[in-house]
Amino acid sequence: MRIAVVGASGRIGREVVDVLKNQGHDVVGIARSAGVDAYTGEGLAQALAEVEVVVDAVNATTTETAAVTNFFRTIAQNVQREAAAAGTQRIVLLSIIGIDSFTAGHYAGKLAQEKAYRQGPVPVRILRAAQFHEFAEMMLDWTTRGDTASVPEYRTQLVAGSTVAAHLAESAVEESGAELVEIAGPLELNLAAAVAKLAARRGNPARVREILDTDDPNRELQANGALLPGPAAILAGPTFDEWLDQHYPTQQ
């Protein structure tokens, strides 16, 4: 199949491209670095010519609500328009578990993206994923000041990015599939505890503490488990501990 991957240079997009190429598909990588800008639309029509399926794994660099909402919504509208013109069969979108009640930040942007895709003419399949194991690395980098990382209260069920990429690729090539699927790791985790394990493997910072971030409008939803998978979700390994052992092996 001829499959386009939006966000092909990103963390998940790169892995989706590799999976599909290894399966023998003709993959079109859509990224600014490849000369195609899905947000402005530059080069998008040409990139989607004769494409049978589009996978959208694009990510945003901002979490400011208005900006990230505009970014994701605009890309969805542009991709829908050009995919329809190209005769594309379907679009597969990577999204986030539990975002329906969120009104701020990245989660609100992803919800707007989902809605914009659903309003277009090309059928859409949405894979809602839990936060990736790599999210612990990002959180540690974001919140470390001196010898302490201050991690917000957050319940999650971290999943491997490679596992999500494999399921996105599978959804792209399957002739039939559900409109909405959730995927998460096997175990519920407290994010601060997971970050503390990561810090111990890295050797810094010396301390990880859990805080209630009163400036974050999403704090209660995150703390109360809104981002946990539902009962019908796909639960897939590796576990966070197995991922740690692979990426941060302990010294023998």
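Predicted model: local features only at pLDDT ≥ 70, side-chain atom pairs only at ≥ 80, totals over all residues.
How are helices α3 and α4 oriented relative to each other?

Close-up 1. Residues are numbered from 1 along each chain as its sequence is written, and side-chain values use heavy atoms, with hydrogens and water left out. The axes of α3 (residues 65–86) and α4 (residues 105–118) come within 8 Å and cross at roughly 20 degrees, and the two helices are therefore roughly parallel to each other (angles under 35 degrees count as such). Contact, meaning heavy atoms within 4.5 Å, involves residues including Phe72, Ile75 and Val79 in α3 and Ala108, Ala112 and Tyr117 in α4. By class, this contact has nine nonpolar, eight polar and two charged residues.

**Close-up 2. Helices α5 and α7.** Helix α5 (residues 134–143) packs against helix α7 (residues 191–202) at an angle of about 80 degrees, with the axes 9 Å apart; the pair is therefore roughly perpendicular (65 to 115 degrees). Among the residues making the contact are Phe135, Met139 and Leu140 of α5 and Leu191, Val195 and Leu198 of α7. The contact of α5 with α7 has eight nonpolar, no polar and three charged residues.

Definitions and conventions. Axes fitted to C-alpha atoms, helices over the stretch in contact; angles between N-to-C directions. Helix = DSSP H or I, 4+ residues; strand = E, 2+ residues; numbered from the N terminus. Parallel < 35°, antiparallel > 145°, perpendicular 65-115°, else oblique. Nonpolar A, V, L, I, M, F, W, Y, C, P; charged D, E, K, R; others polar.
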